[in-house]
Amino acid sequence: MSQISNDLEFRRRLDRLDRTQQRTLAASFIDHVLSLSNDERVARAVKVAADVNASNDELNGALHSVTAAAMDSHARCDADCKWTDHAGYFVARATMAALSPEGQASGNPAWQAAMSSRMARTCISIDSTDDGGEEEQAEQYRILNNYLNS
Amino acid sequence: MKKEGQTIGEVLRQRGISRRSFLKFCATTASIMALPPTMAPVIAATLEKTKRPSVIWLSFQECTGCAESLTRSHSATIEDLIFNVISLDYQHTLQACAGHFAEHIREEVIAEHDGEFILIVDGSIPLKDGGVYSTIAGMTNEQILKQTAAHAAAVVSVGTCAAYGGIPKADPNPTGAVSVADIIKDKPIINVPGCPPIPVVITGVLVQYLTFGLPELDDLGRPKAFYGHSIHDRCYRRPFYDKGLFAETFDDEGAKKGWCLYKLGCKGPTTFNACATTKWNDGTSFPIESGHPCLGCSEPDFWDAGSFYKSLSTPTGNIAEKAIYAAGAGLLAGAAIGAVHRTKKQAAVRQHRRATIDDLGEGS
Amino acid sequence: MNGPSFERGYNTLKEQIDAPVAAFFSSCVHCGMCAEACLFYTETGDPKYTPIHKLEPLRKVWKQEYTFWGKLGKALGISKALSDEDLSDWETLVYDSCTLCGRCSMVCPVGNDLAYMIRKLREGMAISGHAPPGLIGATKRAVTIGSPMGVKFPALQAQIRHAEAETGLTLPVDKAEADYMLLLSSMEVMNFPEFIGAVAKIFAQAELNWTISSEAFEATNSGIQIGVSDIAAELVQRIVDAAENLGVKNVISPECGHAYMAIRWEGPNLIGRPYNFKVIHILELLEQLHKEGRLKLKDKDVRRLTYHDPCQIGRRGGVLEQPRNLLNAVAANFVEMPDTAGMNWCCGAGGGVSANERADELRIRAFKRKKAQLDAVQPDALVSACANCRIQLEEGLEEYHTDIPVVSLTETIVEHLDGLGSKEGHPS
Amino acid sequence: MTDVELLLWVRGPAFDIATVILCAGMVIRFMEIFMLGRKANLAEARGSEMAGGLGTVFRRTLVDTGTFKRTPFTVVAGWLFHIGLFVIIFLFVPHILVFEGATGLSWPGLPSNIVDAFAVITIVTLLAILIHRWRDPVLRLLSEFNDYLVWLVTFTPVLTGWLAFHRVGAAPAALIAVHILSVELLMVLFPFTKLSHAFTLWVARWYNGAIAGYKGVKS
């Protein structure tokens, strides 16, 4: 199978996967940026997402706690915000996307988790000059390639 | 002229008045007092036993309409009867004698029936300029009234002039006319207003007085038995008022159909009298029935109570004109006040200093 | 003398009162119906949240300064003059419990535009030192940094790069003579950066000649929220200068309620002249593109969707039909909530309330109104068009344990955009 | 002073005074309002101020369903007594005569017993409104002396008029005089109290509708 080298291909491949595969793959993407979040709830939720055998109840519970985490970490309107503190919000967002039940999410959960994970990386680098977003992108391609090739 | 000591019954028999017509008179009187028919014999019995009273009738500033009303009333017997029931000893218009002789009779009655005779007054009393506008035998009306009333048992003010001053008192009241009650304060006064009063009401009041003594009066001194209801309450056109059907002019469809005359100025709602029930001219009709609004003649100041043809609840002045002047004045005053406010606002704008973030403080 | 003072506040209130205010106060019959239009009253039952009551300080100034009888009453000592304590007592009513949503203005039977007057009252409150610290901080950052949230251009650049990576498009910055200049809100840059990519995709499909200005990308305006027109004017002026320097024909207001109010309706009045360009809300533009056939949609969302009108965009801004036309184009199952469009209930966080930490508890309580509205239609997802509403909606739904995803209308449209494939996949 | 003298006074000088105060006072009020001015709107209009303003002048008479459900009493009671007052003031024949006398314009009235029914409804409604004002927490907070004064001077003419119509309590002339006097009190207080809303609300609604209409919103 050819190696993924752009987002179009990346997304097409993700779209072909089933829901559970998408979720667990999303968990892998998030795992790579999980260190940017210091919220325990997020870490726990990512674990649930990564579990292929997770029950619906477990998934729902994880979604609730990670939604609460996202709400606690978003930048409030007009509040003074620090980008470095803001990465955790996107990690939580990514996890929310990974766990969103079928029929509710408007897009592919893995794709959305990937995007939010890149955003989290971008946050860290926003006040510096280097751009971590592209590295994250490459990392995600690698994860997907490995997954598909395994 | 003296009929000393005789009861009314004796006089009636003496004059050959039939018991039937006497009872009929009593029945009529009872009915306009809204008494049950069974009261007629009671009235008759009481009257028969009563001593025939002496009456002095004083006419002041008047038009003789009240006397005419009585004497030319619908039934000849009424007039006959009343003059048999009472002994009318003094009345300018009716008495045969004149001059000093007439005045002498008045003094005689006062002397002989001191405190017993009934004093009937029609016409108002002029007070202005020493009362020179109406004098009789060198005496002013006021003097005659005071002198006579001092000895009377009671005073009956017949007609609106005597009762409330009437037309002579109407604006501008050139003679300074006043009512009887304005002068006499120490005698019972029964007002029988109307311009003129309804004849059967005049006689009825006298019969009521003779039968039952002083009648119950309303706050305008009128016997409630005759003046207890407004024209409006007893008017046969009342249903049209309730339905909102009004004659707009004297010759429109509504007028022809006999609709309510309120819009044409009818004072029925505020006028208390018996016209709508007893009617006039032997029960033939009354003004409203003949298509004319009530003038309110039995009420004080009826002549000055706005136009006869203007509804009684409408403003009397020229409202539109005043509203326009007031609006004009308001416009000027408002412009002045508005200009002051404008200047103040402009001053505030001039005083405004551009705000920067340094002007926000730290918050509370 | 600099700094806030009661005298400056009082003077400002005197400046603010105009014929409509006088007509409004003259007409109030104290019927209390505005209370029932205000979510802070309906959700707490506390009468002090009655909108007309919140305006008492302004009414006092009107009466005592601009009516003959009021002046007389004041001169005779019958009525007490407005004091600094009054303003202090009213601060929470004017800022914490009013989102300027203007629902009361729609209900008042005598036609009083209460929100119009609260906006004016805030002018006097702010300059007399009675604005909430949260809003003061935001306003200071907006003026000094250029964004109430402290977002500087490099941050936006990073997000633009991210969007470019995601979409494979080049996002034009500082392109002169562009037809459209896109503004963004800090909230979008911070919390919903996917919006940038979404817009870029749509514009690419519609072949729109557009740009983002590095000089003025921030659409929000803390000045109008806190109520200092001088500052609001300064913030608007930055956008006007940037737009006129680039020579753009249109400026696009993003999915942010008060930003639209600031740039579209208050802006020209704040700077004292009409613009040399037009201001168009992103939803207006999208609907226009869709009508012109420049927005090709491939399929319809089958979920049961409902739309929350951001107050400043809908009721106070006039963009009411456009989102509905767009939703009907992309959603097979669009349902309206009860009390919708012009009569929609505010999310509870507008008008600077969300920037005011003191009001947090009240804000979440007020959200119960929205919750009840949503319960009535039970949608699969809630669409809105204001980042601030969106955060409040998400937070509120989470607080009341309701699983309804909240999405932006622009992003919903992008999901159903046809023919993206041909333009995607070429990393810049 | 006799009843008729009182009646004449209230129909004459007192009515003149009340008219002058009402007219001058209201004109002053309007001048005070309009002379404060309004800045021209420099933002590009999306809709018409005039159309929006006029639309709201009419539309605001009705309330939206949601608000109606939240405040049924205020809406129903408000409607009832306003309609009641309208019928009483403008469709009772003796009152039409007053307008005819002042303006020369006349129109057909309603049967008196129907107006009577409206008067009863209005009296009952106004009493209910007073009780509501006492009991409702919002209204208790908003209400001041003026609100009760205005209630009283609105209620009194209806009650005295009703008594005068049924001729209970005093002599008819006195009843009518007291009734007209109570109306004059209403007229005198009109420009100085919230009663003036009867005139200014059209302006307020217009401004509301114009502000919204300019932005293309129906308010």
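Some conventions to start. Residues are numbered from 1 along each chain as its sequence is written, and chains are lettered from A, with ligands numbered from 1, in the order in which they are written. As the model is predicted, local features need pLDDT of at least 70 and side-chain atom pairs count only at pLDDT 80 or more, while totals for chains, interfaces and linings use all residues.

Chains first. I call two residues in contact if their C-beta atoms, placed from the backbone, lie within 7 Å. Four pairs of chains are in contact, and chains C and D share the most contacts among them. That contact takes 52 residues from chain C and 49 residues from chain D. On the chain D side, α2 (13–34), α4 (65–70), α5 (72–91), α8 (137–142) and α11 (197–214) each supply at least two residues. Helices here are DSSP runs of H or I, at least four residues, and strands are runs of E, at least two, numbered from the N terminus. α11(D) gives the most, with nine residues. By class, this side of chain D has 19 nonpolar, 15 polar and 15 charged residues. Nonpolar covers Ala, Val, Leu, Ile, Met, Phe, Trp, Tyr, Cys and Pro; charged covers Asp, Glu, Lys and Arg; the others, Gly among them, are polar.

Chain C also touches chain B, with 26 residues of chain C against 18 of chain B. The chain B side divides into six nonpolar, six polar and six charged residues. Chains A and B have no contact, and their closest C-alpha atoms lie 15 Å apart. For chains A and D, which do not touch either, the nearest C-alpha atoms are 26 Å apart.

Now chain C itself. Its assignment, of the automatic or database kind, gives domain 1 (6–131), domain 2 (136–290) and domain 3 (296–415). The centres of domains 1 and 2, taken over C-alpha atoms, are separated by 32 Å. Seven residues of domain 1 meet five residues of domain 2. The domain 1 side of that contact holds four nonpolar, no polar and three charged residues.

Last, a sheet. Chain C has an open sheet of four strands, ordered β6-β5-β7-β8, with parallel pairing; two strands pair if DSSP finds at least two bridges between them. β6 (331–335) and β8 (406–408) stand at the edges with a single partner strand each, so one side of each has no neighbour in the sheet. β5 (residues 301–308) is joined to β6(C) by four bridges, and C:D301 stands opposite C:A331 in β6(C).
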